[in-house]
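The following note concerns how the two chains of this entry are arranged, together with the surroundings of one selected residue. Please read the points alongside the coordinates.

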Protein chains: 2
Amino acid sequence: MDVTSESIRQAAEVLAGVAHVTPVMTCAQLDARSSARVFVKCEHLQRTGSFKFRGAYHAASVVQASGETKPVVTLSSGNHGQGLALAAKLLGLSAHVVVPQPASPVKLAAMEAQGARLYVTDNRAQAEQVLGELSAGGAMIPLHAFNDPGVIAGQGTIMLELARQVPALDVLLAPLGGGGLLSGLCVAARQVNPSLRLYGCEPRGAAEAADSLRLNRIVPMPSPRTMADGLRTSLGSRTLPILREHLTDIFVVDEREIVEAMQFAYERMKQVIEPSSAVALAPLLRAESVLRGRRVGVVMTGGNVDLTSLWSSLAPPVY
Amino acid sequence: MDVTSESIRQAAEVLAGVAHVTPVMTCAQLDARSSARVFVKCEHLQRTGSFKFRGAYHAASVVQASGETKPVVTLSSGNHGQGLALAAKLLGLSAHVVVPQPASPVKLAAMEAQGARLYVTDNRAQAEQVLGELSAGGAMIPLHAFNDPGVIAGQGTIMLELARQVPALDVLLAPLGGGGLLSGLCVAARQVNPSLRLYGCEPRGAAEAADSLRLNRIVPMPSPRTMADGLRTSLGSRTLPILREHLTDIFVVDEREIVEAMQFAYERMKQVIEPSSAVALAPLLRAESVLRGRRVGVVMTGGNVDLTSLWSSLAPPVY
């Protein structure tokens, strides 16, 4: 099964009335900083707090439509797992999520609250092994976080929605981890805005995608070093060829820029975003030359962040 | 000059194209917690990060329209000062702001960034004295944060906007400090939704308004004890009679509830709000019985909060 404009349109039909049509924000200060006209696609306001719900729900609905009643299983650091947990609940399936450490306690709690069964493992290698055991012999249906065609098609619906909300975008920025989101955006853009230039945004501590695209093979990422917990993975076998064909270029962002971009989002835009989202905002804040004077869309992918330190600092004083 | 439906309509004309038409958010989890249908009026997304810009701009425009070129001056802990600083800049006036400590460093920096001249004083009594000196002999035009009819009319425009965005609200909740916001909402509601019940929401540590309304005199608030820095004042001579006539009732909220409501807004709604806004969200989170089953509007008044502890906790690790 390939990801096509048609499969993305079908995904949009499946998601209609289930996923939120997320709003688009503008911000005069962001326009001033970037010298661009910026449109922020607020997928951090999507159900479960990230865009991942779209792909997870669509992929799980494909499973359900085939008459399958076995549990679905995935490996996820959090947002795809949360999306799949809610999707399974809505569709009457059971969801199992294998989580490699380190994982955000907030995301673990959210997955459990949606009724998912969790398997927390020490690292990614161990998680892959547990996933293999769970899905052995077809006992559970694996739904990969970014390499599943149903997932990619679901993420592509963001492009259809954004094209209706904001006509004639010149450029679109999105965070780049496994490439599921950007693959969906690329395939959808071919149809609705063929001249759109799409840029992936990667943290320097997990910036293997540029190498993978240049070498045309998946460069492993054994020890990613970034706070952007959603972007610690390498590309997949389906996302690599799509991105090689369509992606215009990649911006690499360092950790200091991620914190600054979060600070900008919280203090100026009053939006709670997670570090992975901030990675796509950073190129605007440093006013990348190819963005200047352009109509630029940017996907805020999620807002699931651990704010414990904030609440402890705000603990009410004893009067 | 009285505050009337007509003066609020005129304020709306003045603010058209200058103030943002702020969005209304809904949140399934908030509806579930409150057993109500809740519409969140996002004035934390207003220019300068709070609704105060509306009243400040309208009041300053009245000054300017009279041909006055003297500086405007006010006493403010932050949001009205920020609103007035930007308003004055846009209108070509100069703004002076007297700030009683304790004041948020974030708000002080923002007022200075808008070009306001600041006078930081040790406490409110000293601030009143400085304000008196600055405006003595008509050297500057004082614009009171909540007792000025132009300010109140400006805040009332929120009600006109909300009534267009969300028809047939049963109840409206808003934070109650000096009463400027609620007075404007009350007068405007009389015209656009006469059966609307309006509730003021007060922190327990500065809950003098209930007494003031009952006794029909302004009960002083010499030592307010609340993190809701926008709500530490008593009512004013103009707001007391308006609220006595129109306000349905008051909800009192404790400091623990303020923190919990902020946490809900950040973690579930992904919105950065300040403690004063959280005061109006808290009655929904405790599912006040008079709200259940109702269509409830709630005004998020501002999002200017000091997040320093969060950024220091997120400081990038050295890899």
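1. A residue counts as buried if 20 or more other C-beta atoms lie within 10 Å of its own, as exposed if 12 or fewer do, and as partly exposed in between. The model under discussion is predicted. In it, Leu91(A) has 16 other C-beta atoms within 10 Å and is therefore partly exposed.

2. Leu91(A) belongs to helix 4 of chain A, which spans residues 79–91. Once its neighbours within four places in sequence are set aside, Leu91(A) makes contact with Ala60(A), Ser61(A) and Gln64(A). As for Leu185(A), 94 residues away along the chain, its C-alpha atom is separated from that of Leu91(A) by 25 Å.

3. The contact between the chains draws 27 residues from chain A and 27 residues from chain B. On the side of chain B that touches chain A, helix 11 (255–267) and helix 13 (308–313) of chain B each supply at least two residues. Helix 11 of chain B gives the largest share of that side, seven residues. By class, the side of chain B that touches chain A comprises 14 nonpolar, eight polar and five charged residues.

4. Of the interface residues of chain B, 100% are also interface residues in chain A, so the copies meet through the same surface.

Terms used
Residues numbered from 1 in each chain as written. Chains lettered and ligands numbered in written order. Predicted model: local features only at pLDDT ≥ 70, side-chain atom pairs only at ≥ 80, totals over all residues. Contact = placed C-beta atoms within 7 Å. Helix = DSSP H or I, 4+ residues; strand = E, 2+ residues; numbered from the N terminus. Nonpolar A, V, L, I, M, F, W, Y, C, P; charged D, E, K, R; others polar.
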